[in-house]
Amino acid sequence: MKFKSLLLSLLPLVGSVYSQVAAPYVDSGNGFVFDGVTDPVHSVTYGIVLPQASTSTEFIGEFVAPNEAQWIGLALGGAMIGNLLLVAWPNGNKIVSSPRYATGYTLPAAYAGPTITQLPSSSVNSTHWKFVFRCQNCTAWNGGSIDPSGTGVFAWAFSNVAVDDPSDPNSSFAEHTDFGFFGINFPDAQSSNYQNYLAGNAGTPPPTSVPSGPSSTTTTTGPTATATPFDYIVVGAGPGGLVTADRLSEAGKKVLLLERGGPSTAETGGTYDATWAKSANLTKFDVPGLFETLFTDTNPFWWCKDTNFFAGCLLGGGTSVNGALYWYPNSRDFSTASGWPSSWSNHQPFTDKLKQRLPSTDHPSADGQRYLEQSATVVQQLLSGQGYSQITINDNPDSKDHVFGFSAFDFLNGQRAGPVATYFETALARKNFVYKDNVLVTQVIRNGSTILGVRTNDNTLGPDGIVPLNPNGRVILSGGSFGTPRILFQSGIGPTDMLQTVQSNAQAAANLPPQSEWIDLPVGQSVSDNPSINLVFTHPSIDAYDNWADVWSNPRPADAQQYLQSRSGVLAGASPKLNFWRAYGGSDGITRYAQGTVRPGAASVNTSVAYNASEIFTITLYLSNGIQSRGRIGVDAALNAKALVNPWLTNSVDKTVLLQALHDVTSTMKNVPGLTMITPDNTMTLEQYVAAYDPATMCSNHWVGAAKMGTSSSTAVVDENAKVFNTDNLFIVDASIIPSLPIGNPQGVLMSAAEQAVSRILALAGGP
Ligand SMILES: Cc1cc2nc3c(=O)[nH]c(=O)nc-3n(C[C@H](O)[C@H](O)[C@H](O)COP(=O)(O)OP(=O)(O)OC[C@H]3O[C@@H](n4cnc5c(N)ncnc54)[C@H](O)[C@@H]3O)c2cc1C
Ligand SMILES: *[C@@H]1O[C@H](CO)[C@@H](O)[C@H](O)[C@H]1NC(C)=O
Ligand SMILES: *[C@@H]1O[C@H](CO)[C@@H](O)[C@H](O)[C@H]1NC(C)=O
Ligand SMILES: *[C@@H]1O[C@H](CO)[C@@H](O)[C@H](O)[C@H]1NC(C)=O
Ligand SMILES: *[C@@H]1O[C@H](CO)[C@@H](O)[C@H](O)[C@H]1NC(C)=O
Ligand SMILES: *[C@@H]1O[C@H](CO)[C@@H](O)[C@H](O)[C@H]1NC(C)=O
Ligand SMILES: *[C@@H]1O[C@H](CO)[C@@H](O)[C@H](O)[C@H]1NC(C)=O
Ligand SMILES: *[C@@H]1O[C@H](CO)[C@@H](O)[C@H](O)[C@H]1NC(C)=O
């Protein structure tokens, strides 16, 4: 399910892997030695230098930006919320700067405390502006600080849209147009010349080894070891990778599962506990009721750091951070009409295997009761006037027209479960299964069509971090819709323009196979994601649960106690309460499905009417199976994954059907006394609302199709055995092989597809 646009919310704590790490460089203009990076996409340099005194609370910073940069920002704690933000822009020949602070994903407010003083080597010329500044009282702020003896993460923000009033340091401005981040080791940024820099001179010349421009480096850990070969190397511990690795190890194969992130739930070693849940060792990822706080945390280390969409980079991938809505597949989901090869139509044996390992529940509280159901009751009343009937959704997976039912989840015993609590646990118990976390795979090593192993950032796994395969061994990519394309591109597999982009990145280019060995496949093309629109309502019966704002730090005491005692109550469930579906025939003859998800609270309210915030709830309406809109996923020169073409509502019939569905859902509002729609309010039509909707907030995080399955290498990336075309032993098992959107949220379809894929891989001749 979706919440809001990403903004800087995904920026991490110190983790294992950054696409860029600060390195020393000399600014040739003033001779100062900074520690910093140049972002390879916008060519903006960000640098910092600290005094040596550990008691100091200041630093000197610089931004060197081409004039396309209308404003530049730096978040000192690596996330937008709850960190000191430094923003600067040119105004004529001058540079204007402003300390800011954000408590939500809105325009950061001016922040009193830090003193920013421009230093004389700042300049504006015909091509660039350079801001060199002293920042005093800048190493600690409300809720955070820099540790001069430790490491940290900085986030940068870039915009090519000017601030509203460049002369005013307190000017408003629109959301950045791009962002990224880099790791920094603060001791590397300390300089004995600091006082000289303040006085405007470079002091003692730096050692000659310091380069004259920042460069990026990769972190490698530990001593080089002899590599152990494996039968199967699975890359990525999301749902695709976990189902696959478990079944391969069950078959006796020697399996290595590599995951770039760290632990999630307590059972896996996770320790990110709410204070109130510490006595039970329950992390944010364990407690279903903490789901909404994943999007409002000041320290969201779990989001992948190199894409501007929400993606989980931790054990479990998306299943550790998602809404856990879980639908058994519908026969349409695997039909040829949905783009699958005809040999895939019979999903039932594989879905049965999945259900046996991971059953769904529509009453997640361990006491079997349902809690906080008011929004479900209101929407039942609304839909009953539209010819809908109530079903137990997963008892009737093929019934998806004019039906509603209680939301179903892959929680077990009142806790988040998913493939981590099931498939992963059985795999871990086997001697022939090895799991390594905090390991980033950059590419597969190949000789023409034969994969020899994978390259990682971990030198303890083998020389240069390379892990080899046993004879006839195989690699399975399960890095998700953004992670898998990135690995393929760096392996010389994908459209030429993307491989050329990798070639433009000096570090990645060094390991890219020669052009004569490139394999041209439509990786990243024809992706889809549900366009989704939020409607926000009020009704006097609703308990909006304080919009989930207090569940992390200060939950309702009785609810916290009930949860700790018996894994029951409101906190045993995530926010969604009811789901509904309806089928629509489009004017192009294609049937499309609309899905609704109902929950108390709202991601945002924009209304001109007075309303009671304790009584809000949201219906998110998604357009799903049958949509024709497609987009494209790719990477930029920093190898950050992006939507090169947005996939939402590019097809006009899709848009017409979505509007029809919005009209239908709201058509019987008068039948429900007390029900008021506040966003959009009565000053706006649904057409105007959809037209004004920011495309990025239509995202549902349900991306499929980036390496889709098919029968031809001109239109698909993997064949019916999930093997990458034109390779001998490279496979993909994750959401990217799904040719088009399922009827419901995708994880159920994905795990059934993974069961089917791994059984075909095991059956395919020529393996280990
Ligand atoms: C916020 C959010 C809410 C969602 N809500 C729902 C929902 O309620 N119901 C539902 O059905 N679906 C939901 N989804 C979608 C669902 O979670 C995804 O479809 C699913 O997780 C995709 O699984 P995957 O295996 O393809 O990839 P992912 O889950 O993305 O897993 C990929 C894994 O690979 C790792 N990885 C990536 N690259 C590398 C690399 N180079 N080296 C090593 N490891 C790597 C990642 O760290 C990650 O752990 C949601 C998604 C998000 C982001
Ligand atoms: C330093 O900044 C903080 C806010 O981060 C402020 O509360 C404090 O008063 C400032 N100290 C000085 C000496 O200005
Ligand atoms: C403009 O400023 C940039 C950044 O300081 C510098 O690299 C460049 O050489 C300058 N160009 C001219 C024409 O002075
Ligand atoms: C900017 O806003 C801050 C905080 O409200 C205020 O203290 C400061 O005077 C403002 N600066 C200007 C130039 O208006
Ligand atoms: C929580 O973890 C700690 C440290 O591992 C352990 O000592 C304690 O027994 C655990 N508590 C529970 C309730 O599992
Ligand atoms: C690469 O493959 C070719 C034949 O396809 C073979 O001759 C050569 O030895 C292989 N190289 C390596 C390093 O395996
Ligand atoms: C809020 O709604 C108004 C119209 O009622 C619209 O002009 C404005 O752009 C909306 N703001 C946001 C942030 O969506
Ligand atoms: C808002 O709604 C809550 C819950 O229904 C109610 O207790 C409260 O009195 C309402 N506030 C106002 C100002 O009407």
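Predicted model: local features only at pLDDT ≥ 70, side-chain atom pairs only at ≥ 80, totals over all residues.
**Entry 1: helix α9**

I began with α9, which spans residues 557-566, and asked which of its residues are buried. I found Asp-559, Ala-560 and Tyr-563. Looking down the axis of α9, I saw these buried residues fall within an arc of 100°, so they line one face of the helix.

What do the buried residues of α9 pack against? Their partner is β21, residues 415-416. I also checked what comes just after the helix: Arg-567 takes a positive phi of about 50°.

**Entry 2: Asn-745**

I then looked up Asn-745, which sits in the loop between β34 (730-732) and α12 (747-763). Is Asn-745 buried or exposed? Its relative accessible area is 4%, and buried means under 20%, so Asn-745 counts as buried. I followed its side chain to a polar contact with the side chain of Trp-327, at 2.7 Å.

**Entry 3: ligand 4**

My last stop was ligand 4, and I wanted to know which residues surround it. They are Ala-110, Pro-169 and Asn-170. For Asn-170 I noted a distance too: an N or O atom in its side chain is 2.2 Å from an oxygen atom of ligand 4. On its own, ligand 4 has 360 Å² of accessible area, and the protein covers 30% of that.

Key: Residues numbered from 1 in each chain as written. Chains lettered and ligands numbered in written order. Heavy atoms only, no water. Buried < 20%, exposed > 50% of the residue type's maximum accessible area, 1.4 Å probe, protein only. Helix = DSSP H or I, 4+ residues; strand = E, 2+ residues; numbered from the N terminus. Arc of directions from axis to C-beta. Contact = heavy atoms within 4.5 Å. Polar contact = N/O pair within 3.5 Å; in protein donor to acceptor, adjacent residues only side chain to side chain. Near = heavy atom within 4 Å. Areas by Shrake-Rupley, 256 points an atom, 1.4 Å probe, with all protein chains shown as cover.
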